[in-house]
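Here is a friendly walk through the complex you are about to see. Please keep the sequence and the 3D view side by side as you read.

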Amino acid sequence: MERIERPYGGLSVRGLSYTPRGSSGPVIDGLSFDIDPGEFVLLAGPSGSGKTTLLRLLKPEPPVPGKRSGSVMLGGRDVLSLSAAEQAALIGLVSRDPESQIVTDTVPAELAFGPENLGYSKELAALRVAETASWFGLDGLLDRKTSTLSGGKKQLLSLAAAAVTRPSLLLLDEPTSGLDPVSADGFLSAVRRLNRELGITVVIAEHRLGSLMGDASRLLVLDRGRLIYDGCPEDGIGTVLSVPALAPEAPAASRLAAAVRKGRSGSTEKYPVTVAEGRAFLSGLRPAGPVTEDNGGAAKSVSRDSGAPALEMKDVRFRYGRDLPDVLNGFSLTLRIGESAALLGGNGSGKTTVLLTAAGILEPYSGSCRVFGRDPSAAAGRRKRDGADRIGILPQNVRLLFSGFSVREELAAAGVAGDDCPDRLRPLLDLCSYDLSAGESRLLGLAVVLARGPGLLLLDEPTCGLDGGARAELRERTAALAGAGVAVLTVTHDCEFAAESADRIVMMFDGRAAGSGTPGGFFSSADFYTTDIRRITAPFADGCVTLADAARAFVLPDGKGVSR
Amino acid sequence: MVRFGDRHPAVTALYYAALAGTGMFIQHPAVQLTSLCGALLFFFISRSGRPSVPVSLGVLALAMTLVNPLISHRGSTVLLYVNDNPVTLEALIWGANSGVMAASVLLWTYCFSRIMTVEKTLCLTGRISPRIAAVGASAVRFIPLFGRYYEDISSIKRSGRARDSDASPAGRLKESAESFSATVGLALETSVDAADSMDARGWGSPSRRRFDRFVFGWRDAAVMAAVAVCAGICAASAACGALDIAFYPVFSEGGGGPVTYISLAAFAALSLYPAACECAWLAMWRARERRGHADFGEVFRRWNA
């Protein structure tokens with residue numbers, strides 16, 4: 001086994017620039033910063049700001065093609081001078097896609113992959129695998145095939161496999177963007193423990209700034225390849241809020257404060273971060289008046305009871321195997337033309353199963369599922385579907401919709417006319433569809449699905465991994481579709497997106513719809529499953545569910561409203 | 001006391017090589033019948049699979065028995081004529097013997113495929129070449145992944161399109177081709193990412209060493225030695241003609257001396273060893289249950305409560 005020196009020391013970046021091959025301008029432009037050993041660094045920035053590139057420059061193996069200049073020193077040694085084995089041992093990397101990072105078929109083999117490459121003796125490799133698996137709570141999975149693990153467990157395995165060689169620096173590139181919030185929290189708490197208990201330096205690029213704000217000791221904000229903030233996380237919120245595409249990622253309390261202040265009070269003022277701080281901020285204000293449906297509220301509850309049903313599910317029962325439990329246990333839902341509904345619920349409550357049943361990919365064993373009056377499943381149906389009664393489904397893994405061509409070719413293959421291309425995709429037309437960021441590929445996927453002119457649109461976790469700007473654009477696009485008479489069913493964990501984009505919220509539990517209502521009504525009556533804005537405003541105002549509601553409902557003491 | 005399949009993979013592999021090697025090249029009917037008995041006993045005692053497996057192999061053996069005399073007309077004892085062609089006793093015996101051989105080898109192969117998991121196979125190949133083993137491990141992961149991608153991609157295409165009963169065969173062919181090409185694209189992309197992930201974890205460093213969970217103990221060595229001795233005896237006596245059998249023109253045994261009996265005993269020991277292991281295993285558990293040690297899980301739960 002090679003002896004690998006493990007010098008104690010932080011990361012020191014000086015004048016780092018990088019221009020990709022074939023690109024005119026630099027993607028990373030003269031970055032300089034120092035990270036002390038054991039720090040927890042949160043790297044923020046809108047999609048395309050260079051976060052991934054920066055992380056890949058910090059660990060030069062595998063190399064990125066292009067021209068780099070400047071230096072990156074880890075513990076006093078230039079990372080470019082480290083051998084591949086030393087880099088593998090000292091710098092761990094976990095990236096976005098849970099599927100493609102795993103390279104072997106069983107859990108122990110995956111954990112042993114790094115130690116094998118570094119030539120550990122069998123005894124040492126066995127010890128490392130054993131202690132890593134135990135520490136990460138993976139010891140119950142030792143006999144599992146990696147392909148049978150859930151996305152959350154796959155990502156946790158990738159983290160464990162990166163940590164097994166005891167790196168001093170761990171780089172994480174949007175590691176939770178493909179995970180549901182529950183798995184994401186589990187993953188992030190493992191990262192937190194690695195940092196706190198083992199003292200590993202962590203640099204994490206994430207869109208969910210709110211959930212990491214409290215843990216990070218440093219915040220770096222990137223915008224178009226430049227560092228626009230470097231310092232303590234709380235003081236950086238002003239900078240985050242000043243970048244439009246990044247602002248929606250700030251903690252809800254900060255956004256609430258910014259929306260109420262409307263830029264008036266000086267930007268030097270501190271922003272609240274937690275729910276408690278947000279309430280303390282609001283306690284100094286007074287509500288502008290009761291929030292009712294007509295002065296905004298959350299409810300866009302246009303009565304659509306009169307429209308023809310697009311999707312009708314009645315007492316649907318489904319299970320994945322004869323001896324397995326029911327996943328859908330008498331589920332009923334009627335979705336009318338032009339209506340947009342959001343399906344919420346915990347992991348395993350059957351949300352995605354509803355979507356796949358509505359798409360006709362799964363067939364219920366009892367009950368009926370009708371899309372525009374007909375059974376959507378492949379086994380039934382003879383008449384040809386003509387455009388408006390087609391089904392469009394946007395899977396969570398949008399790559400399933402692409403063929404690996406350029407964006408232009410993907411759009412052409414789907415039959416999108418050149419002019420109909422979403423504006424955000426225009427500059428990307430010549431890129432390969434697989435190289436797009438999560439947000440960009442979601443928009444491309446939507447364009448491909450919409451090209452067939454579906455009357456029923458099914459969206460599976462559409463906001464996973466999206467930056468603030470892409471999220472807003474997706475919200476606008478779906479709202480426009482509902483206006484154009486498309487029925488939209490969204491499965492999501494994102495209460496805020498549901499509150500802003502849906503007409504109706506349906507909560508799933510135990511394979512059934514446990515409750516439903518307008519966003520304003522539903523989220524006002526819920527305590528756990530509700531938006532952060534509602535959690536903050538609950539003691540002060542009713543029906544205040546979205547940021548827009550809150551901005552209307554509260555005014556600063558020196559504003560038009562009367563102060564307390 | 002461990003089950004036959006829980007020994008080190010090297011033991012299992014050597015055993016299979018020895019058994020298949022002797023069983024396939026020694027035509028002696030006693031050898032073939034012992035081999036079949038050993039396979040059947042092991043199959044049923046270890047509950048390796050559904051009874052339909054040996055039943056279908058039995059049908060295969062019967063078919064071979066009946067078909068051979070219709071094709072081959074050698075042999076001196078004519079039983080009857082079919083279409084003016086003689087059906088001989090010797091050809092019938094030869095067919096039965098070959099049928100038993102085919103059935104027993106296939107049944108052993110079936111049992112071994114249940115025991116030799118991918119992880120065990122890679123443990124063995126890894127000793128020869130760690131790199132080939134790693135490539136094998138990723139290939140094993142990749143093939144089902146490809147299948148899943150294809151299924152997902154084509155089901156999305158299906159749900160979005162006009163009804164399939166209307167689609168022309170040409171249209172359907174085009175659609176499958178599109179799905180296939182999308183699957184290939186996605187699989188290639190995934191494999192590029194996987195290669196990056198391998199590089200990031202030090203793949204390609206010259207000191208690669210294979211790690212596995214299996215421990216080779218002295219009992220494994222002892223079993224391997226015994227297997228080698230038994231197989232060696234059989235091979236040696238076959239080589240010196242003690243196990244020769246002639247089917248044509250008249251069925252006759254070449255050997256018959258003590259060497260023949262010793263080697264038949266050695267082969268019986270070899271082929272009955274897995275079933276004996278399983279019997280001992282079952283007997284041990286029966287004894288434990290009699291002593292009231294049946295439910296240790298219950299004891300554990302009480303202690304943890």
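A residue is called buried when its relative accessible area is under 20%, exposed when that area is over 50%, and partly exposed in between, using a 1.4 Å probe and protein chains only. With that in hand, B:Asn83 is exposed, because its relative accessibility is 68%.

This is a predicted model, in which local features need pLDDT of at least 70 and side-chain atom pairs count only at pLDDT 80 or more, while totals for chains, interfaces and linings use all residues. Residues are numbered from 1 along each chain as its sequence is written, chains are lettered from A and ligands numbered from 1 in the order in which they are written, and side-chain values use heavy atoms, leaving out hydrogens and water.

**Confidence**

The pLDDT is the predictor's confidence in each residue, from 0 to 100. For chain B the average pLDDT is 86, and 96% of the residues score at least 70. The complex as a whole receives an ipTM of 0.79 and a pTM of 0.80 from the predictor.

**Backbone points in chain B**

Most residues other than glycine have a negative phi, and most peptide bonds are trans. B:Asn83 has a positive phi of about 50° although it is not a glycine. B:Asn83 sits in the loop between strand S1 (78–82) and strand S2 (85–88) of chain B; helices (H or I, at least four residues) and strands (E, at least two) are DSSP runs, numbered from the N terminus. B:Asp84 is found in the loop between S1 and S2 of chain B, with a positive phi near 65°. B:Asp84 is exposed, at a relative accessible area of 71%. Elsewhere, the peptide bond from B:Tyr248 to B:Pro249 is cis, with omega near -10°. B:Pro249 belongs to the loop between strand S3 (245–246) and strand S4 (252–253) of chain B.

**Helix H1 of chain B**

Helix H1 of chain B covers residues 9–25, which is 17 residues, and spans 24 Å from its first C-alpha to its last, close to the 24 Å expected at 1.5 Å a residue. That expected span is 1.5 Å times one less than the number of residues. Among the buried residues of H1(B) are B:Pro9, B:Val11, B:Tyr15 and B:Leu19. Which elements cover the buried residues of H1(B)? The cover includes helix H2 (29–45), helix H4 (89–115), helix H5 (118–128), helix H8 (218–239) and helix H9 (258–290) of chain B.

**Where the chains meet**

The size of an interface is often given as the accessible area lost when the parts come together. Chain B and chain A bury about 4700 Å² between them, with 52% of it on carbon and sulfur atoms; buried area is the accessible area (1.4 Å probe) that two parts lose on being put together, summed over both. The contact (heavy atoms within 4.5 Å) takes 47 residues from chain B and 63 residues from chain A. Between chain B and chain A the count is 8 salt bridges, each being a side-chain nitrogen of Lys or Arg within 4 Å of a carboxyl oxygen of Asp or Glu. H5, helix H6 (130–160) and helix H7 (169–200) of chain B each supply at least two residues of the side of chain B that touches chain A. H6(B) gives the largest share of that side, 14 residues.

**Salt bridges**

Side chains of opposite charge can pair when their charged atoms come close. Over all chains, the whole structure holds 42 salt bridges. Here are some of them.

| Salt bridge | Closest N and O atoms |
|---|---|
| B:Arg201 and A:Glu110 | 2.6 Å |
| A:Asp34 and A:Arg14 | 2.6 Å |
| A:Glu312 and A:Lys314 | 3.8 Å |

A:Asp105 lies in the loop between helix H3 (98–101) and helix H4 (107–117) of chain A and A:Lys145 in the loop between H5 and helix H6 (151–163) of chain A, so the pair ties together parts that are 40 residues apart in sequence. A:Asp105 is buried, at 4% relative accessibility, whereas A:Lys145 is partly exposed at 36%.

**A buried arginine**

A:Arg534 lies in helix H18 (residues 532–537) of chain A. Is A:Arg534 buried or exposed? A:Arg534 counts as buried, because its relative accessibility is 7%. Leaving aside neighbours within four places in sequence, the contacts of A:Arg534 include A:Phe523, A:Asp542 and A:Cys544.
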